[in-house]
Amino acid sequence: MPLAAAKTPINATAATKRAEAEQLTRLMTLYRAVCVRHDELGMEIVLNDILAFLTSTHQHEQAEAFIATCNITLPHRANNQAARYFYYVGLTRALRLEYVDAHQCLQQALRKAPERAFGFRIAATKLSLVVQLLLGEIPPRSDFLAKDMRDSLAPYLQLASCVRFGQVDRFMTVLREHQVAFEHDRTHSLILRVHQHVIKTGLRRICQAYSRISISDVCSKLAMSNVADAEYILSKAIHDGVIDAVLDNEKGELISSDSIDVYSTSEPLHALQRRIHFLNLTHNDAKRAMRYDVTDPEIIEERRKEAKAERDELERAIQDESTGMDNVNFEDGL
């Protein structure tokens, strides 16, 4: 009996994988069929269905490979499908640690999403806020207090507050309390990565407040139980340039250096360059969205009607001229 009971989960897992493979095969076959028919709208719909299936089954590498190989015509036929596409691309890029591209895709998804797509806008906003935290940015409070989104974004507001003030204990408490909601939103794995940013923020605040502090006190402030782990994290933070300090292993102390004015560095220039790049990208997308596709059926039909009207007018003019020539009596002029 124990052996038979042990085989049941294995068989269930094998059956689930077989069903997923069959469903993916059907979607791929359908995508190939719409590509052969050059059905661009159908291609967008099936493409989003494939990406939704791959992301729901945690096949993110396959999703990225499919995005890289499929031929996508811009601009999209439908804004709804464009919003879905950018959302799935942003989710895939975020899980692959490509946070800058993920943030840009999610911003485009929010811009193209219709106002009535309330659930989609909430999901995209949640993912965008987490990606901003992973980029080291603190979203403004107004983003969490949007109309009809305040209750849904309340846990993410608490996370942003923890990251801003470097509160490691509170961060872990919020993570445990809302773990089910984060897993439902498919942001739990990304939020686990935010924990490193909370520690970095806490270290920066400690270095700003103390010129010299023992490693044991750092452990207590960052809710760490092991001093060796704290030494490793401090060494890595110093090596990565997160904090400007020196670690005295003999005395077991962290000695912070004098603070440097950020405006004397090149960081403001880089921040301005990022903003200029984002504005240029938004401007180019807006210009591209205002262009009319030559293959639009309505435009083709309108041009066909105009050509037919011009042809009919030309035929009437030729007929009138021929009728006028028939009525002329040449004998009167002789």
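1. Contact here means heavy atoms within 4.5 Å. By that criterion, and not counting residues up to four places away in sequence, Arg121 touches Leu110, Ala113, Pro114, Glu115 and Met149.

2. This is a predicted model, in which local features need pLDDT of at least 70 and side-chain atom pairs count only at pLDDT 80 or more, while totals for chains, interfaces and linings use all residues. Residues are numbered from 1 along each chain as its sequence is written, and side-chain values use heavy atoms, with hydrogens and water left out.

3. The chain has 15 helices and three strands. These are DSSP runs, numbered from the N terminus: helices are H or I with at least four residues, strands are E with at least two. Of the contacts in the chain with a separation of 6 or more, 57% are between residues 24 or more positions apart.

4. Buried residues make up 34% of the 334 residues in the chain; buried means under 20% relative accessible area, exposed over 50%, and partly exposed in between (1.4 Å probe, protein chains only). The chain exposes about 21,600 Å², of which carbon and sulfur atoms supply 54%. Accessible areas come from the Shrake-Rupley method with a 1.4 Å probe; for residues, only the protein chains shown count as cover.

5. Helix α6 has 17 residues, and its end C-alpha atoms are 25 Å apart, in agreement with the 24 Å they should span at 1.5 Å a residue. The expected span is 1.5 Å times one less than the number of residues. Because 13 of the 17 residues are buried, α6 is largely enclosed by the rest of the structure. Gly136, which follows α6, has a positive phi near 85°.

6. Arg121 is in α6 and is buried, with a relative accessible area of 17%. Its C-alpha atom is separated by 6.4 Å from that of Leu110, eleven residues apart along the chain. A polar atom of the Arg121 side chain lies 3.1 Å from the backbone oxygen of Leu110.

7. Helix α8 covers residues 154–165, twelve in number, and reaches 17 Å from its first C-alpha to its last, close to the 16 Å expected. Its buried residues are Pro155, Tyr156, Leu159, Ala160, Ser161, Cys162 and Val163. They pack against α6 (118–134), α7 (141–144), α9 (168–177), α10 (179–184) and α11 (188–209). The helix is followed by Gly166, with a positive phi near 65°.

Technical notes: A polar contact is a pair of N or O atoms within 3.5 Å; within protein, one must be able to donate a hydrogen and the other to accept it, and residues adjacent in sequence count only if both atoms are side-chain atoms.
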